[in-house]
Amino acid sequence: MSVLPDLLGSGGSVLDLVPVVPVVVVDRAEDAVPLARALAAGGVPVVELTLRTPVALEAIRLIAAEAPEVVIGAGTITTPAQADAAVEAGARFLVSPGATPSLLAHLGSLPVPSLPGTATVSEVIAAREAGFTEVKFFPAEASGGTAYLGAVASVLPDVRFCPTGGITPASAPSYLALPNVACVGGSWLTPKDAVAAGDWDRIIALAAATAELRG
Ligand code: 3PG
């Protein structure tokens, strides 16, 4: 078994597993396991599988059961019920694009770690009041990008961010160089056409290239 799931299980943070967390959309459940294995083969044994398609929960279930070397998480969580369903399917971490007080309270009550979505200082403070010092910054490029993160570092020195939304291989290094950024999220590791064609070699190569992005 890989050491990564153990790391997460013993209190390690999702944010420290890999520099780029793949934000994945799966249209066919049968693509889930080969896609997750391709990412792991490229050195990225983490998947944020978004709840944006009807097969998403089944895809999480399949990866949890058949690719235990991959730390499988669920993304695009916007309701407590989705969070419960994702945990029941086997998600080991949860990510939300934004949060309300009730969603924050629910995420904080679950047995797996969550990264609540934030885009403003007030939202980060609300998340911190609910017990979260690690949050997603979304949509990163549209909400101020690296300039925002640099500006909030001095007022929120205890908060670490995973920015996602509009980040590319070209812009990722400038995010990863910031002291309050632990990792970034991006969908570019699993292009729709590569998944549709079962081009797992392309996904292995895209995953492997992320190792170069941290300065
Ligand atoms: C997310 O949910 O984090 C984003 O959809 C990922 O953004 P991207 O597609 O711009 O990488």
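Me: What share of the 215 residues of the protein chain counts as buried, and what makes a residue buried?

Reply: Of the 215 residues, 48% count as buried. A residue is buried when its relative accessible area is under 20%, exposed when it is over 50%, and partly exposed in between, using a 1.4 Å probe and protein chains only. This is a predicted model, in which local features need pLDDT of at least 70 and side-chain atom pairs count only at pLDDT 80 or more, while totals for chains, interfaces and linings use all residues. Residues are numbered from 1 along each chain as its sequence is written, and side-chain values use heavy atoms, with hydrogens and water left out.

Me: Why is T190 called buried?

Reply: T190 has a relative accessible area of 9%, which is under 20%, and is therefore buried. T190 lies in the loop between β9 (184-186) and α9 (192-197); helices (H or I, at least four residues) and strands (E, at least two) are DSSP runs, numbered from the N terminus. Neighbours within four places in sequence aside, T190 is in contact (heavy atoms within 4.5 Å) with V23, V24, L35, L39, V195 and I203.

Me: What makes P113 partly exposed?

Reply: The relative accessible area of P113 is 38%, between the limits of 20% and 50%, so P113 is partly exposed. P113 is found in the loop between α5 (101-108) and β5 (114-115). Not counting residues up to four places away in sequence, P113 touches V14, R92, F93 and L94.

Me: Which residues of α2 and α3 meet?

Reply: A32, V33, A36 and R37 in α2 meet A59, L62, I63 and E66 in α3. By class, this contact has 6 nonpolar, no polar and 2 charged residues. Ala, Val, Leu, Ile, Met, Phe, Trp, Tyr, Cys and Pro count as nonpolar, Asp, Glu, Lys and Arg as charged, and the others, Gly among them, as polar.
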